[in-house]
Amino acid sequence: RNQLKADVTGFPVISIENRESELTGRGILAYTALGTYPDLVTAADFLIKKGKRFEPNPALCNVYTHLYQVYKQLYTGIKPIEPSFATIQAGSITGI
């Protein structure tokens, strides 16, 4: 999953080993608010245990960039008829 994130975004992704990431985030905010750490970055550096670093694969980055461009073209073409899909999904078509 992390490798996919790196390949799609084109940026390195570093996993974290903290089991309770939500609690870690709250701790970062709390300790910073209390003045234990001068800022969020410093608090995060102390409280987050970094794991493996995933580097983007340039070839796959190019593939995902191309696919995203295709998606944007498709979305632009479909957007005008999108309300029609909503009526189909809502089951409001009669006579079927």
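Biologist: Why is Lys-50 called exposed?
Modeller: Its relative accessible area is 53%. Buried means under 20%, exposed over 50%, and partly exposed in between, with a 1.4 Å probe and protein chains only as cover. Lys-50 is over the exposed cut-off, so the label is exposed.

Biologist: What kind of model is this, and how are its residues numbered?
Modeller: It is a predicted model: local features need pLDDT of at least 70, side-chain atom pairs count only at pLDDT 80 or more, and totals for chains, interfaces and linings use all residues. Residues are numbered from 1 along each chain as its sequence is written, and side-chain values use heavy atoms, with hydrogens and water left out.

Biologist: Where does Lys-50 sit, and what does Lys-50 touch?
Modeller: Lys-50 is part of strand β2, residues 50-54. Strands are DSSP runs of E, at least two residues; helices are runs of H or I, at least four; both are numbered from the N terminus. Leaving aside residues up to four places away in sequence, Lys-50 touches Ile-14, Ser-15, Glu-17 and Asp-45. Contact means heavy atoms within 4.5 Å. From Lys-50 to Leu-29, 21 residues apart along the chain, the C-alpha separation is 18 Å.

Biologist: What makes Ser-15 buried?
Modeller: Ser-15 has 15% relative accessibility, so Ser-15 counts as buried. Ser-15 belongs to strand β1, residues 13-16. Beyond residues up to four places away in sequence, the partners of Ser-15 are Asn-2, Lys-49, Lys-50, Gly-51, Lys-52 and Phe-54.

Biologist: How is the chain built overall?
Modeller: The chain has five helices and two strands. From the N terminus on, the order is α-β-α-α-β-α-α.

Biologist: Why does Leu-34 count as exposed?
Modeller: Leu-34 has 68% relative accessibility, so Leu-34 counts as exposed. Leu-34 lies in helix α2, residues 21-34.

Biologist: What makes Tyr-64 partly exposed?
Modeller: Its relative accessibility is 28%, so Tyr-64 counts as partly exposed. Tyr-64 is found in helix α4. Apart from residues up to four places away in sequence, Tyr-64 touches Leu-4, Asp-7 and Val-8. The C-alpha atoms of Tyr-64 and Gly-10 are separated by 9.3 Å, although the two are 54 residues apart along the chain.

Biologist: How many aromatic pairs are there in the whole structure?
Modeller: A search finds four.

Biologist: Why is the pair of Tyr-31 and Tyr-37 called edge-to-face?
Modeller: The ring centres of Tyr-31 and Tyr-37 lie 6.0 Å apart, and the planes are at 85 degrees. Rings of Phe, Tyr and Trp (its six-membered ring) pair if their centres lie within 6.5 Å; planes under 30 degrees apart count as stacked, over 60 as edge-to-face and the rest as tilted. So the pair is edge-to-face. Tyr-31 has 39% relative accessibility and counts as partly exposed, whereas Tyr-37 has 17% and counts as buried. Tyr-31, Tyr-37 and Phe-46 form one aromatic cluster.

Biologist: What makes the pair of Tyr-71 and Tyr-75 stacked?
Modeller: The ring centres of Tyr-71 and Tyr-75 are 6.2 Å apart, and the planes are at 25 degrees, so the pair is stacked. Both residues lie in helix α4, residues 58-78, four residues apart, about one turn of the helix. Tyr-71 is partly exposed at 47%. Tyr-75 counts as partly exposed at 37%.
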